Amino acid sequence: MRTSQKKSNGSTSNTFFSNGINSLKLNFLTLKTESLAGITVALALIPESLAFAAIAKVSPMVALYTSFCMAVVIAIAGGRPAMISAATGSMALLMTTLVEKYGVEYLFAATILTGILQFLIGIFKLGRFFNFIPQSVISGFVNALGILILLAQLQQLSGQPWQAYGMVAVTLAIVYLLPSFTKSIPSPLVAIVVMTSIAVATKLDISRVGDIGEITRRLPAFHLPAVSFSLETLMIILPYSLALAIVGLLESLLTAALVDDLTHTHSSKNQEIRGQGIANFVTGCLGGMAGCGMVGQSIINVRCGGRGRLSTGIAGAFLLFSIFALRDVVLQIPMAALIGVMIMVAFETFDWNSLKIVRRMPLSEAIVMPITMIVALWTHDLAEGVLAGVIISTLMFSWQVAQIKAMTWINSSGAKVYTLSGQLFFGSATRFTELFNYRNDPDRIIIDFTHAHIWDHAAASAIIKAVSKYHHFNKQVMLIGLNIESYAIARKSGIPEDIVNFDNTNFDNTNFDNTNFDNTGQTA
C-alpha cells in the first residue's frame, strides 16, 4: 500500500515537472517567434517610413516616430493582435496639402484631432457600418494594394545596376526556399541579414537605406502643437482630420479582417477603432503624423509566425532601438533586399482565389471588384477605390431590391387578388403604383403582402396613392398578409385599419367597407 502510494506521488511529481518544462519550452518558443517576427517587420518599416515622409513633405524622423509610436500603442490598446499599424502612404497623401499650406505644426494638431474622432467612433460603436463593405470590394481592395506594392518596388528598382536585380532574385529565393529546410528563423529576416552582409563585404555600388533619408539619434518627446487653439484652427484642420480618421479606420479594419482570415481568429473591431484613436492621439502629442493599419507589414508579421501583441510591440520597440544602437548597420541595408521582401508581400497580398470566384459571381457583383481595383490604381488611393466599389454595390443592390413583383388571379367571390413579392420602400414605391390596372380591374381588389414587406413612409404613401386611385373609380380595396412591422408602419403613416385584414385565409368573404377613405386617398 505504502509502496504504491509512493509510486503514485512520484509519478504525479514527475508529470508536474514534465508539464512545467514543456510550458517553459512553449513560452520560450513563442517568445522567440514573436521577437524575430517583430524584428523583421521593424527592418521593413524603416524604408517604408522614410518614403512616406517624403510623400507627406515632413522630416524622416516624423514618420519614424509615427511608426514606433503607432506600433507600440496599438500593441497595447488595439483589438487585432499581430496587426501592424504605422505611417502609411494613403494617410501621407491626405496630409500633403495641409503641410504645404499651414506647416507641420498643423499636421500634429490634425493628428491629435484624428485620434479623438476615431476614439469617439469607437465609443459610439459606429464601426458596425464598416461591415456593409461587400466581399467583392474587399477583394478589389487587397488586389489593388498588391499591385500598388509591386509597382512601387519596381519603380524603386528602376535605374539600379544589374547587381541589384540579382540581389532581389536571391532574396526571393531565400524567402521561398528556406522554409523548406527550417522555420526556426523567419526567412525574410535571414534574407535581409545575408544580403546586407554581402553588400557590405563586396562594397556593391547599390542603393542603401541611408540613401533614402537622414536618420538621427534623437528620442521622441512630448510636444504640443504650436498653433492657436481657436475655432479658426479647428476649421482648418477638421476637414483633414475627418478624412484621415475615415481612411485610417477603413484601411485598419480591412487589414484586421485580412489578418482574421490569415490566422483563422476573430478580433474586436470596436476595440481596434478605439485603439487606433488612442495611438494617433499619442502620436500627435509626440510629434508624429497620423497612421493606420498596414496590410503589407501585417502579412510579413503573420508569415514570420507573429500571432500576438508581442510581435507588434517588438516591431515598434526594435524600430526605435535600431535608430540608436544599430543606426550605422541599418543605413547599410541594401534596398534590393527590402524590395525582394516587399515583392513577396505583394504576391501574397493579392487574392488569387478571387480570380476563380469572380467567374461564379452574378454580373452585378463580378464587375464591382475590377472597378474597385481600377479606381484605386488610377488614383493611387485605396480609399477612393473602396468608396467607388461601395457606391456601385449599393446602387446595384438597391436596384435588385427595388424589383417588386405581383401575381394576379380572381378568387371565388370575383375579387382580383394581387400577390406581391419583394421589398416596398422609397426605391420601389413608383414601381408599386404601376403594378395595378385601376380602370379595368373588377370592383373589389385584394392586395396580399404575405411575401412583401413595408419599410418606410414612402412605401405607405404609395399604398395610399394606389388605394385612392381605385376609389376614384369607385372600387374597394383590402390589404391582407401584413406582418407586424409592416402593419405598424402602415398604421403610423395613416392607412386606416378597416382596410387591413390579418386573416389571410378567409379573403373570399373580406369586409370591403372603405368608408374611411375619401376620393383623394387621405384618411377622413
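Predicted model: local features only at pLDDT ≥ 70, side-chain atom pairs only at ≥ 80, totals over all residues.

Start with the helix. α19 covers residues 457-472, 16 residues in total. From its first C-alpha to its last it reaches 22 Å, close to the 22 Å expected at 1.5 Å a residue. Its buried residues are Ala459, Ala460, Ala462, Ile463, Ile464, Ala466, Val467, Ser468, Tyr470 and His471. After the helix comes Asn474, with a positive phi near 60°.

In general, strands of a sheet pair through backbone hydrogen bonds, either parallel or antiparallel.

Both kinds of pairing involve β4. On one side, six bridges join β3 to β4, and these two run antiparallel. They form a hairpin with five residues between the strands. Gly414 sits in that turn and has a positive phi of about 90°. Thr408 stands opposite Tyr418 in β4. To β5, β4 is joined by eight bridges, and this pair runs parallel. β4 spans residues 416-424 and β5 spans residues 444-454. Across this pairing, Tyr418 stands opposite Ile447 in β5, and Gly422 stands opposite Ala452 in β5. β4 is mostly covered, with seven of its nine residues buried.

Next, the aromatic rings. The count of aromatic pairs comes to 11. One of them joins Phe432 and Phe449. That pair is tilted, at 6.4 Å centre to centre with 35° between the planes. Phe432 lies in helix α18 and Phe449 in strand β5, so the pair ties together parts that are 17 residues apart in sequence. Phe432 counts as buried because its relative accessibility is 0%, under the 20% cut-off. Phe449 is buried too, with a relative accessible area of 2%.

Phe436 and Tyr470 are both buried.

Ring pairs link Tyr418, Phe432, Phe436, Tyr438, Phe449 and Tyr470. Tyr418 is the residue that stands opposite Thr408 and Ile447 in the sheet. Tyr470 brings in the helix, as one of the buried residues of α19.

Finally, the setting. The whole chain has 20 helices and seven strands. Its C-alpha atoms fill a box of roughly 100 × 90 × 50 Å along the principal axes. The radius of gyration is 32 Å, whereas a compact globule of 524 residues would have one near 24 Å. Of the 524 residues, 51% count as buried. Among contacts between residues at least 6 apart in sequence, 81% join residues at least 24 apart. The chain exposes about 25000 Å², and carbon and sulfur atoms supply 63% of that area.

Definitions and conventions
Residues numbered from 1 in each chain as written. Heavy atoms only, no water. Pairing = 2+ DSSP bridges. Helix = DSSP H or I, 4+ residues; strand = E, 2+ residues; numbered from the N terminus. Expected span 1.5 Å × (residues − 1). Buried < 20%, exposed > 50% of the residue type's maximum accessible area, 1.4 Å probe, protein only. Rg over C-alpha atoms; globule rule 2.2 N^0.38 Å. Contact = heavy atoms within 4.5 Å. Areas by Shrake-Rupley, 256 points an atom, 1.4 Å probe, with all protein chains shown as cover. Phe/Tyr/Trp six-rings, centres within 6.5 Å; stacked < 30°, edge-to-face > 60°.
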